Amino acid sequence: MAAVKETVETVREAEKYKYGFFTDIESEKAPLGLTEDTVRFISAKKNEPAWLLEWRLDAFRRWLTLSEPTWAKVTYPPIDFQDAYYYSAPKQSAKLESLDEVDPKLLETYEKLGIPLTEQKMLAGVAVDAVFDSVSVVTTFKEKLAEAGVIFCPMSEAVKNHPELVKKYLGSVVPTSDNFYATLNSAVFSEGSFVYIPEGVRCPMELSTYFRINEAQTGQFERTLIIADKGSYVSYLEGCTAPQRDENQLHAAVVELVALEDAEIKYSTVQNWFPGDEDGKGGVYNFVTKRGDCRGKNSKISWTQVETGSAITWKYPSCILRGDNSRGEFYSIAISNGHQQVDSGTKMIHLGRNTSSRIISKGISAGQSSNTYRGLVSVHRKAENVRNFTQCDSLLIGDRCSAHTVPYIETKNPTAVLEHEATTSKISEDQLFYCMQRGIGEEEAVALIVNGFCRDVLQQLPMEFAVEAQKLVGISLEGSVG
Amino acid sequence: MLEIKNLHVTVDGKEILKGIDLDIGAGEVHAIMGPNGSGKSTLSYVLAGRDGYEVTKGSVRFKGKDLLDMSVDERAAAGVFLAFQYPLEIPGVTTMNFLKTALNAQRKARGEEELDAVRFLKLVREKAKPLNVTDDMLKRALNVGYSGGEKKRAEVLQMSLLEPSLAVLDETDSGLDIDALKTVAEGVNALRSPERAMIVITHYQRLLDYIVPDVVHVLSNGRIVKTGGKELAHELEKSGYAGYGADAA
């Protein structure tokens with residue numbers, strides 16, 4: 001099985017193999033492997049302007065000179081980047097017609113999460129019929145956004161309709177030369193979201209990829225760009241609590257956030273990709289570059305993530321605190337179970353004066369998993385009066401998992417005040433016994449204790465997301481005790 | 001309600017209970033007194049079903065069923081409640097949330113309808129008031145930063161809410177000043193009923209001035225060495241445990 005394949009196609013492949021039904025889908029593929037021609041092919045398929053093709057090719061040439069980073073505490077077999085398809089678009093007929101065609105395991109999970117049927121259909125990529133009225137929901141929401149002047153569309157559409165914005169900001173936070181995976185993404189990215197909030201506008205609703213899920217099948221090299229113009233505000237929710245069941249597969253996304261003067265971006269993620277099976281086979285390799293640039297004075301970027309899926313997570317949502325008085329926040333829950341490997345954290349780069357940052361990381365390891373927090377707080381020479389508070393808490397369940405904390409702190413300015421707190425604890429037999437003596441079943445007791453442990457972070461999530469995330473915490477830890 | 005026959009229990013290979021016989025009927029309150037290390041807490045843990053307490057001989061029947069055959073949470077749902085000597089802290093989980101989770105888990109296990117937030121809130125406030133458990137306490141994480149008295153009051157609140165048929169109170173008096181002890185004892189007394197049995201485990205007679213037992217047992221070296229009425233507790237207060245073959249308490 002190739003390590004890299006188009007998401008949609010692979011999902012179908014996996015279903016075909018695992019669950020015995022066959023979906024005959026036609027798709028258009030680029031030739032196997034990755035060459036300049038592949039990049040040209042993708043760009044041509046998307047009718048991109050010449051500058052973007054050049055941008056991609058430049059990234060591709062750089063990529064050829066780079067090698068995979070090896071500093072993270074994760075191990076996996078070598079990925080053959082030439083044994084993969086970098087573009088494969090299913091034709092329209094590929095959409096599923098009803099829930100009967102969806103992987104029953106997936107439906108079971110939806111049910112546990114309490115996701116209503118309509119949403120289940122949308123999440124599974126089933127064409128939602130009029131009975132459920134979802135079409136009108138989507139329409140209303142589009143009208144509302146248009147009124148406010150908010151642009152929220154697939155990246156390829158943004159390239160066509162708002163080239164000046166894309167050209168100005170694409171790669172301005174994560175340059176094409178940034179790192180192996182980001183560079184690869186720059187060369188071959190196929191889809192993603194684009195958001196622009198005009199000056200002074202408070203986005204009237206939470207934006208979510210969820211609303212877009214049926215419009216465009218998201219590839220595994222998606223590229224998201226969010227720009228909050230002066231004095232604007234947006235809250236963006238990424239991913240959904242739906243697991244995408246697939247075989248070993250590389251996911252190398254890039255997310256860039258730009259907050260101009262007095263603007264605020266709140267970016268929340270709940271990631272629950274397939275973590276691999278009980279023996280550690282399969283699962284998503286999640287190598288993601290996420291970075292926000294607090295470009296203007298008094299701007300603020302806040303990352304909140306709940307990571308429960310993927311076989312390997314390599315992800316460090318970061319903030320560049322360039323504008324004076326800007327603020328960066330990182331709230332994270334990373335749960336690993338089974339054979340999962342997580343190496344995640346954040347970077348807070350303080351460049352401006354009076355900049356502040358806050359990091360709250362909760363790592364929970366169960367099964368035979370490995371969970372590493374890796375973070376950098378860096379204060380540059382001219383950054384006066386910087387404040388940072390970091391808290392890293394690890395919780396261990398069972399005695400075969402591990403937790404690691406690797407904080408880097410660099411300061412070149414003596415006025416900085418940096419605090420770092422870290423704890424490691426285990427769920428004690430006593431706590432479990434106490435809960436169970438009150439009638440709470442063992443797995444529910446673990447979920448309760450873990451949710452308590454994560455409370456500071458869960459509180460940062462938008463309300464309806466928080467409820468789902470809490471349930472997800474329970475589900476991801478099933479089978480971790482006893 | 002509870003029949004314990006010739007119960008032998010070992011912990012880490014060491015025999016702690018060496019043949020306990022105990023018969024407790026509905027509505028009765030039994031006190032179990034004894035020196036440290038006599039096996040009092042072991043008895044409470046065995047009844048609750050804690051791991052690591054191995055029953056090597058004997059039987060325990062609860063409401064006609066084999067109690068030893070049930071898991072910890074099944075016993076709880078069946079009506080066994082243990083008030084802990086040292087209640088555990090659950091950081092980040094509000095007392096309110098914990099109580100609701102526990103009550104609904106038990107109701108679910110018994111095939112009863114789960115309580116919604118509104119009905120639950122009404123119930124919990126009604127139960128909390130006489131115990132002097134404030135809304136502020138209910139909103140705090142369970143037992144985290146609670147004083148000794150608050151912890152014990154929270155235990156009694158849980159008991160009041162879960163309405164067990166058998167309540168085992170393990171050293172409920174430990175760490176309490178006299179005022180806190182009175183509040184807790186009043187709470188416990190309010191829960192005495194003809195349908196409910198209680199086992200009050202204590203080292204000192206003091207608690208039994210407030211929670212007056214029907215029967216008093218003296219446990220020593222893993223065996224019940226004497227059984228009597230409430231006056232037995234007073235006798236012990238005067239003479240100590242030395243006369244019962246125990247190491248000096």
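The buried residues of helix H9 of chain A are covered by elements that include H2, H3, strand S6 (223-228), strand S9 (254-259) and strand S11 (284-294) of chain A. This is a predicted model, in which local features need pLDDT of at least 70, side-chain atom pairs count only at pLDDT 80 or more, and totals for chains, interfaces and linings use all residues. Residues are numbered from 1 along each chain as its sequence is written, while chains are lettered from A and ligands numbered from 1 in the order in which they are written. Helices (H or I, at least four residues) and strands (E, at least two) are DSSP runs, numbered from the N terminus.

**Chain A overall**

- Chain A has 14 helices and 22 strands.
- Of the 482 residues in chain A, 53% are buried; a residue is buried if 20 or more other C-beta atoms lie within 10 Å of its own, exposed if 12 or fewer, and partly exposed in between, with C-beta atoms placed from the backbone.
- Among the contacts in chain A with a separation of 6 or more, 84% are between residues 24 or more positions apart; two residues are in contact if their C-beta atoms, placed from the backbone, lie within 7 Å.

**Helix H9 of chain A**

- H9(A) spans residues 180-188, and eight of its nine residues are buried, so the helix is largely enclosed by the rest of the structure.
- The buried residues are Tyr181(A), Ala182(A), Thr183(A), Leu184(A), Asn185(A), Ser186(A), Ala187(A) and Val188(A).
- Ala182(A) lies in this helix and has 27 other C-beta atoms within 10 Å.
- Apart from neighbours within four places in sequence, Ala182(A) is in contact with Val174(A), Val254(A) and Thr289(A).
- Val450(A) is 268 residues from Ala182(A) along the chain, and the C-alpha atoms of the two are separated by 33 Å.

**Helix pair H2 and H3 of chain A**

- H2(A) (residues 36-45) and H3(A) (residues 50-65) pack at an angle of about 155°, with their axes 10 Å apart.
- H2(A) is therefore roughly antiparallel to H3(A); angles under 35 degrees count as roughly parallel, over 145 as roughly antiparallel, 65 to 115 as roughly perpendicular and the rest as oblique.
- Axes here are lines fitted to C-alpha atoms, for helices over the stretch in contact, and angles run from 0 to 180 degrees between N-to-C directions.
- H2(A) passes H3(A) in a right-handed crossing; a crossing is left-handed if the near helix is turned anticlockwise from the far one by less than a right angle, and right-handed if clockwise.
- On the H2(A) side, Glu36(A), Val39(A), Arg40(A) and Ser43(A) meet Leu52(A), Leu53(A), Arg56(A), Leu57(A) and Phe60(A) of H3(A).

**Strand S10 and its sheet in chain B**

- An open sheet of six strands in chain B has the order S6-S9-S10-S3-S11-S12, with mixed pairing; two strands pair if DSSP finds at least two bridges between them.
- Its edge strands, each pairing on one side only, are S6(B) (80-83) and S12(B) (223-228).
- On average, neighbouring strands of this sheet are turned by 20° against each other, direction ignored.
- S10(B) (residues 197-202) has six of its six residues buried, so the strand is largely enclosed by the rest of the structure.
- Ala197(B), Ile199(B) and Ile201(B) lie on one side of S10(B), and Met198(B), Val200(B) and Thr202(B) on the other.
- Five bridges join S10(B) to S3(B) (residues 29-33), and the two strands run parallel; Val29(B) has Met198(B) as its bridge partner.
- S9(B) (residues 166-170) also runs parallel to S10(B) and is joined to it by five bridges; Leu166(B) has Ala197(B) as its bridge partner.
- S9(B), helix H7(B) (residues 178-190) and S10(B) make a right-handed β-α-β unit; a crossover is right-handed if, with the strands pointing away from the viewer, the path from the first strand over the helix to the second runs clockwise.

**Helix pair H4 and H6 of chain B**

- H4(B) (residues 117-128) and H6(B) (residues 148-162) pack at an angle of about 125°, with their axes 10 Å apart.
- The two helices are therefore oblique to each other, and H4(B) passes H6(B) in a right-handed crossing.
- Val124(B), Lys127(B) and Ala128(B) of H4(B) make the contact with Leu157(B), Ser160(B) and Leu161(B) of H6(B).

**Contact between chains A and B**

- The contact takes 17 residues from chain A and 22 residues from chain B.
- On the side of chain A that touches chain B, the elements giving two or more residues are H11(A) (429-437) and H12(A) (442-453).
- H11(A) gives the most to that side, with seven residues.
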